[in-house]
Amino acid sequence: MTEVLEWKNIEFLREIEKRSGTNVSACLQCHKCSTGCPIAPDTDMYSSQIMRMINLGLEKEILQSKAIWLCASCESCTTRCPMSIKIADVMDSLRILAIEQKVTLAD
């Protein structure tokens, strides 16, 4: 099945890029961010998955995830990223957006 990106999906990507000040769409899916993450074993999704999901516009799924709240903002992911994506800043932006939208965690 072919997934068609809808305008709302692109709007979510652009909103996160604007808030975080980084180019999320540059993610290569190399997974270096996830392999260096100290809390990765305890999350419901890895940082590399979140970067991909942002590009796919899966706003609800991301904002309901535990991963954005477990992120320690240690910047290991940001340091390891070959594309210089500020992943810790993206996580901060996602938390702020979840608070603004009064999103509750998924079960």
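**Entry 1: the surface and the overall build**

I began with the surface: the protein chain exposes about 6400 Å², and carbon and sulfur atoms supply 54% of that area. I noted beside this that the model is a predicted one.

Next I looked up the elements.

How does the radius of gyration fit a compact globule? For 107 residues such a globule would have a value near 13 Å, and the protein chain has 13 Å, which agrees. I also wrote down the span of the C-alpha trace along its principal axes, about 35 × 30 × 30 Å.

**Entry 2: inside and across the chain**

I checked burial and found that 39% of the 107 residues count as buried. Then I turned to contacts between residues at least 6 apart in sequence: 66% of them join residues at least 24 apart.

**Entry 3: charges**

I looked up the charged side chains and found 12 positive and 14 negative ones. The centres of the two sets lie 3 Å apart.

**Entry 4: salt bridges**

How many salt bridges does a search of the whole structure find? My note says 4. I followed some of them up.

One joins R14 and E17, with N to O at 2.6 Å. Where do R14 and E17 sit? Both belong to helix α1 (residues 7–20), and because they are 3 residues apart there, about one helical turn separates them. Are they buried or exposed? R14 is partly exposed at 45% relative accessible area, while E17 has 12% and therefore counts as buried, the cut-off being under 20%.

Another salt bridge pairs E15 with R19, whose closest N and O atoms are 2.5 Å apart. These two lie 4 residues apart in helix α1, so they too are separated by about one helical turn. I found E15 partly exposed at 29% and R19 partly exposed at 32%.

E100 counts as partly exposed, with 46% relative accessibility.

Which residues do the shared partners join into one network? I traced it through the salt bridges and wrote down E15, R19 and E100.

Methods
Residues are numbered from 1 along each chain as its sequence is written. This is a predicted model: local features need pLDDT of at least 70, side-chain atom pairs count only at pLDDT 80 or more; totals for chains, interfaces and linings use all residues. Side-chain values use heavy atoms; hydrogens and water are left out. A salt bridge is a side-chain nitrogen of Lys or Arg within 4 Å of a carboxyl oxygen of Asp or Glu. Buried means under 20% relative accessible area, exposed over 50%, partly exposed in between (1.4 Å probe, protein chains only). The radius of gyration is taken over C-alpha atoms; the globule rule is 2.2 Å times the number of residues to the power 0.38. Contact means heavy atoms within 4.5 Å. Accessible areas come from the Shrake-Rupley method with a 1.4 Å probe; for residues, only the protein chains shown count as cover. Lys and Arg count as positive and Asp and Glu as negative; His and the chain ends are not counted. The place of a charge is taken as NZ of Lys, CZ of Arg, CG of Asp or CD of Glu.
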